[in-house]
Amino acid sequence: MTGRYPGSRWVPSPNFGARPEGSAISLLVVHNISLPPGQFGGTEIEDFFCNRLDPAAHPYFETIAAMQVSAHALVRRDGSVVQFVSCLDRAWHAGRSCFDGQEECNDFSIGIELEGADDIPYTPEQYRTLADMARLTMMAWPKISAERITGHSDIAPGRKTDPGPAFDWRYFSQLLAHEEIA
């Protein structure tokens, strides 16, 4: 894999850096995001990850507009993918985090955002796309196994809640195990 997901739309974010020397990609982190919260379909997520979010456009944006964050990719409600950071680089998606005793998950993980909210069901298209992306990721980086795909809430408990109770891990696991890459 070249670091970009096939078929994704490339919208480069400035919010990334090199992975630390010797860090091996070994974790996939599932997130959710909607901007404004609970609303879907606009350009606000792209604007946020590219430091272009207008703080005057919505009261919530005033609280986050100065943040510099990103993810490797975003899966929209229709299953389309926007990629912000090459998987070869370190996206700024996990923040203070720990998985299996290893801290700073950004150093060794790939972060995929789902356009969604903790309590709003995700679409079948999102699950299928995420499963396809996860399989491609596992083929490119064999240290990532199904057991090393986790939620943001699992690596930053008490601080993060995504992808939330609306994310059906059992359904995702079934797709991951049984569906062919489209």
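Biologist: Which strands does α5 lie across, and at what angle does α5 run to β10?

Modeller: In this predicted model, α5 lies across β3 and β10, and its direction makes an angle of about 160° with that of β10. Another helix, α3, lies across β3, β4 (73-75), β5 (81-83), β9 and β10, and runs at about 170° to β9.

Biologist: In what order do the strands of the open sheet stand?

Modeller: The open sheet is formed by six strands in the order β1-β5-β4-β9-β3-β10, with mixed pairing.

Biologist: What makes β3 and β9 a pair of strands?

Modeller: Two strands pair if at least two bridges are found between them, and strand β3 (residues 27-33) is joined to β9 by seven bridges, so the two count as paired, and they run parallel. Leu-28, for instance, has Ile-110 of β9 opposite to it.

Biologist: Why is Thr-150 called buried?

Modeller: Buried means a relative accessible area under 20%, and Thr-150 has 6%, which means that it counts as buried. This residue lies in strand β10 (residues 149-151), and, with neighbours within four places in sequence left aside, its contacts are Leu-27, Leu-28, Val-29, Val-30, Phe-99, Ile-155 and Trp-169.

Biologist: Why is the pair of Tyr-122 and Phe-167 called edge-to-face?

Modeller: Here the ring centres lie 5.7 Å apart and the planes stand at 75°, so this pair is edge-to-face as well. It links distant parts of the chain, with Tyr-122 in the loop between β9 (109-115) and α3 (124-140) and Phe-167 in the loop between α4 (152-155) and α5 (169-178), 45 residues apart.

Biologist: How do you know that Tyr-122 and Phe-167 are buried?

Modeller: The relative accessibility of Tyr-122 is 7%, so Tyr-122 counts as buried, and Phe-167, at 4%, counts as buried too. Both residues belong to a cluster that ring pairs build from Tyr-122, Tyr-127, Phe-167, Trp-169, Tyr-171 and Phe-172.

Biologist: What sits over the ring of Phe-40, and what lies over the face of Trp-10?

Modeller: Over the ring of Phe-40 sits the charged end of Arg-77, 4.3 Å from the ring centre, while Arg-4 lies over the face of Trp-10, at 3.8 Å from the centre of that ring.

Biologist: What joins the side chains of Ser-8 and Gln-83?

Modeller: Their side chains are joined by a polar contact of 3.5 Å. Ser-8 lies in the segment before β1, and beyond its neighbours within four places in sequence it is in contact with Val-81 and Gln-83.

Biologist: Where are the cis peptide bonds that involve Pro-36 and Pro-163?

Modeller: One joins Leu-35 and Pro-36, with omega about -15°, and Pro-36 has its place in the loop between β3 and α1 (44-49). Another joins Asp-162 and Pro-163, with omega about 10°, and Pro-163 is found in the loop between α4 and α5.

Biologist: What makes Asn-51 and Glu-104 partly exposed?

Modeller: Partly exposed covers the range between buried, under 20%, and exposed, over 50%. Asn-51 has a relative accessibility of 33%, so Asn-51 counts as partly exposed, and Glu-104, with a relative accessible area of 23%, is therefore partly exposed too.

Technical notes: Residues numbered from 1 in each chain as written. Predicted model: local features only at pLDDT ≥ 70, side-chain atom pairs only at ≥ 80, totals over all residues. Heavy atoms only, no water. Helix = DSSP H or I, 4+ residues; strand = E, 2+ residues; numbered from the N terminus. Buried < 20%, exposed > 50% of the residue type's maximum accessible area, 1.4 Å probe, protein only. Contact = heavy atoms within 4.5 Å. Phe/Tyr/Trp six-rings, centres within 6.5 Å; stacked < 30°, edge-to-face > 60°. Lys NZ or Arg CZ within 6 Å of the ring centre and 35° of its normal. Axes fitted to C-alpha atoms, helices over the stretch in contact; angles between N-to-C directions. Polar contact = N/O pair within 3.5 Å; in protein donor to acceptor, adjacent residues only side chain to side chain.
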